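Student: I have a structure open and want to learn to read its features one by one. Can we go through it together?

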Amino acid sequence: MTKAALIQSETLELLEWHRLCQHLSTFAATKLGAIASRCLQIPTSPAVSEQLLAQTKEVYQLESRLTPGLSFEGVQDIGDSLERAELQGILAGDELLAIATTLAGARNLRRIIDNQEDLPVLNELVADLRTYPELEQEIHRCIDERGQVTDRASQKMGEIRTELRRLRSQITQKLQNILQAKSGAVQEQIITQRGDRFVIPVKAPQKDAIPGIVHDTSTSGATLYIEPNSIVPMGNQLRQTIRREQAESEAIRRALTEQIAAVKPDLERLLAIVTTLDLATARARYSLWLQANPPRFINREEQEIITLRQLRHPLLVWQQQHEQGHPVIPVDLLISPHIKVVTITGPNTGGKTVTLKTLALAALMAKVGLFVPAREPVELPWFDQVLADIGDEQSLQQSLSTFSGHIRRISRILKALGTGDGEDKGDVGDGGDEGELLPSPQSPIPSPQSLVLLDEVGAGTDPAEGSALAIALLQYLADHAQLTMATTHFGELKALKYEDVRFENASVEFNEQTLSPTYRLLWGIPGRSNALAIALRLGLKPEVVEQAKTQVGEAQDEVNLVIAGLEAQRRRQETKAAEAQKLLQQAERLYKEVSAKAAALEEREQALKASQEVAVQQAIASAKGEIAKVIRRLQQGTPTAQDAQQATKALNQIAQTYQPAAPPKPKLGFMPKVGDRIRLAKFGQTAEVLTPPDEDGELSVRFGIMKMKVKLEDIESLDGQKAEPVAKAKPAPAAITAPPQPALAIRTSQNTVDLRGKRVADAEIIIDKAISEAQGQIWIIHGHGTGKLRQGVHAFLQQHPRVSRYEAAEQADGGSGVTIAYIG
């Protein structure tokens, strides 16, 4: 095993990757899917990861559409059967049946996917899937549900089975006759078998009464199982027929096996496709169970930020759900593109190591096509390697101390990054050299795409030397890895952030009141180890702790005080942010309520306008009817001046009846001043005046926490007075009036032309003459007929320059048989 493969294998073991794979396998539907889940391969290129993620997304989408989800019923592990078929072995009936059900199951999967839309990746996956329905049908024709060859498998088999049934029937009938004739000699009235021979139980003292072949004896010796001599020839014939049946069955199964061997490559591909589908389904179902979200791979060189909010450790989630573990505390990881190294400090048992493992598992889950248990959006780089030094590699057998174990593993990490200097220089103890831990400056620098995780970097040796080594190592990794995250207790590492912009500090929060960690990750603030506080909580004598505090030194106390102040400031900012968020939510809720009321008022106003419009139209229609009656009275006979006077009087009465009443004038005289309380008519809310009205009649008001500008006409005093307008002439509000109507005209013989019976050409001449002499409207009588004359009249009126418009007359004046033309 190469150095890179060794450290990657160690990393997977340290992260307990096999446990996650085991959890994933429980969501697989087939045996092969479960095996593939437990042996999950880590992709070596982003393209493969993207393909796996696309499969997971489409299955996730498909599962949400289908009530029972994808069904893998009938699919079995037929790999061994295919291998034996290729080696010219003969498959058993149940193996053939398993192949047939697998073909049917694969065909059903393809049918489900083909019937869905927007699944390009899955459609491409099953596009070349060959399920050989004719082979499946042939297997079902020849093999029954018990795995036995059927009578219809071949004509010869049918004949043999018929012969077997005939022989068994003859033997049974012969033995029944013997049992009845020799009832005193038999132990029981039954027919049984020993091997493939039919026998009857005979009392031992009377064995001579039924001569034959003894095939068995009871335990007590009182009963002999005898095949009477009279059926021995038939028994021999039956045995021969059974052998013929076995030979024919073998021939049928051999023929089916040869058909299977001929298409073995296609069946192996089918098995691989179905296993890929099952593995994608397991990933989708596991992701759904985790409440995870699909990741997006980013390029940090394009200034994209690693975004992992509310990230949870998947193994801890499983432990909480299935093993009654503690609630999982999520962490937020938002890492800017220029950050290459994150150092996490804080007390032991505070969650530093869990944070490292959670990030590593998230990176690996994204690579293998799993969703990440974090809140959307989930954005992280595609790391070509995930390398970790977590835990203690102390070994008495290999004479390795804690420090030596860490150094050996870190050395393998550097070699896996492609920056090592060659072979190992041998095992070492404390203080020894591991060859050359950091490579020479002349070593080529590869493109940094790896994620490196170091737990307690530099620990296990002299603090001064360990701290110096840790600083050099992290500075080196900042140049050679995409991202490094390290935990430490060394205070010197906390200062790297202020010397190099590529470094960032984080810490795990510690509750000093309860003297216990909260497992929250705080960014930008270095943590305190709180060793003395923890020692006191764990029962160490107070006088010892106090003595230790005197040894720490004033400088350390000052640093801790600064850090404590920063933590307190952060908590105050978080409290203020929470309060601001609460106020924002209240403002949004109030805004929605006000908007809803405004929309309701506007809708009510529109409804009132619509009802008024209907009332006006009805009034217009009624007025038209009254006017039409007056016109018809005038048309009856020759109109006189007295008739015209009466018509004018009637029209004035109609106008007075249908003229809408003028709206009441609003009360004037109120002028709002700063500090006054007024009412906003549109919203039905009271408000406070902030500024006096400007020259445009606008003023600022406040209601609740909102400020807005309103017009004077939109406000009123609390006692209902309208505001006095500013010194600017304003048009009076227009009353609701009917649409403009044409000038009133009376139909007489002078303004009426009758075209009935005329041709279109003649009618045009008559109409043109009438238009030239008319001053208002003319009534054109064309009748109904075939409609050609009406169409010709309308076409002529449409293009005539003096005709402004035309319309059909009222029903009382002839309806569609008469056209009224309006002369402009």
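Student: How close do the axes of helix α6 and helix α10 come, and at what angle do they cross?

Tutor: Keep in mind that this is a predicted model. Two packed helices are described by the angle between their axes and by the distance between those axes. Here, α6 (residues 93–114) and α10 (residues 232–262) have axes that come within 11 Å. They cross at roughly 40°. The crossing of α6 past α10 is left-handed.

Student: Which residues of α6 and α10 meet?

Tutor: From α6, Gly93, Leu96 and Ile99. From α10, Arg253, Leu256, Thr257 and Ile260. By class, this contact has 4 nonpolar, 2 polar and 1 charged residues.

Student: Which helix gives the most to the lining of the largest cavity?

Tutor: α14, with 4 residues. Both α14 (402–416) and α15 (463–480) supply at least two residues of that lining. The lining includes Phe403, His406, Ile407 and Ile410. Val457, Gly458 and Ala459 are also among the lining residues, as are Leu469, Ala470 and Leu473. By class, the lining has 8 nonpolar, 2 polar and no charged residues.

Student: Now sheets. What is the strand order in the open sheet of 5 strands?

Tutor: Strands of a sheet pair through backbone hydrogen bonds, either parallel or antiparallel. This sheet has the order β18-β17-β16-β15-β19, with antiparallel pairing. β18 (706–711) and β19 (715–716) are at the edges with a single partner strand each, so one side of each has no neighbour in the sheet. Inside the order, 4 bridges join β15 (residues 677–680) to β16 (residues 685–689). Leucine 680 stands opposite glutamine 685 in β16.

Student: Is the pairing in the open sheet of 4 strands antiparallel or mixed?

Tutor: Mixed, in the order β20-β21-β23-β22. Its edges are β20 (752–754) and β22 (803–808), each with a single partner strand, so one side of each is left without a neighbour in the sheet. Neighbouring strands of this sheet are turned by 20° against each other on average, direction ignored. Within it, β21 (residues 777–781) and β23 (residues 818–823) run antiparallel, joined by 5 bridges. Isoleucine 780 faces threonine 819 in β23 as its opposite residue.

Student: Which strands does helix α20 touch?

Tutor: α20 (residues 760–773) packs on the sheet and touches β20, β21, β22 and β23. Its direction makes about 160° with that of β21. Helix α21 (residues 788–799) lies across β21, β22 and β23, at about 155° to β22.

Note on methods. Residues are numbered from 1 along each chain as its sequence is written. This is a predicted model: local features need pLDDT of at least 70, side-chain atom pairs count only at pLDDT 80 or more; totals for chains, interfaces and linings use all residues. Side-chain values use heavy atoms; hydrogens and water are left out. Axes are lines fitted to C-alpha atoms, for helices over the stretch in contact, and angles run from 0 to 180 degrees between N-to-C directions. A crossing is left-handed if the near helix is turned anticlockwise from the far one by less than a right angle, and right-handed if clockwise. Contact means heavy atoms within 4.5 Å. Ala, Val, Leu, Ile, Met, Phe, Trp, Tyr, Cys and Pro count as nonpolar, Asp, Glu, Lys and Arg as charged, and the others, Gly among them, as polar. On a 1 Å grid over the protein atoms alone, a cavity is a set of points where a 1.4 Å probe fits but cannot get out, and a pocket is an open set with protein on both sides within 12 Å along at least five of seven lines; lining residues have an atom within 4 Å of a point. Two strands pair if DSSP finds at least two bridges between them.
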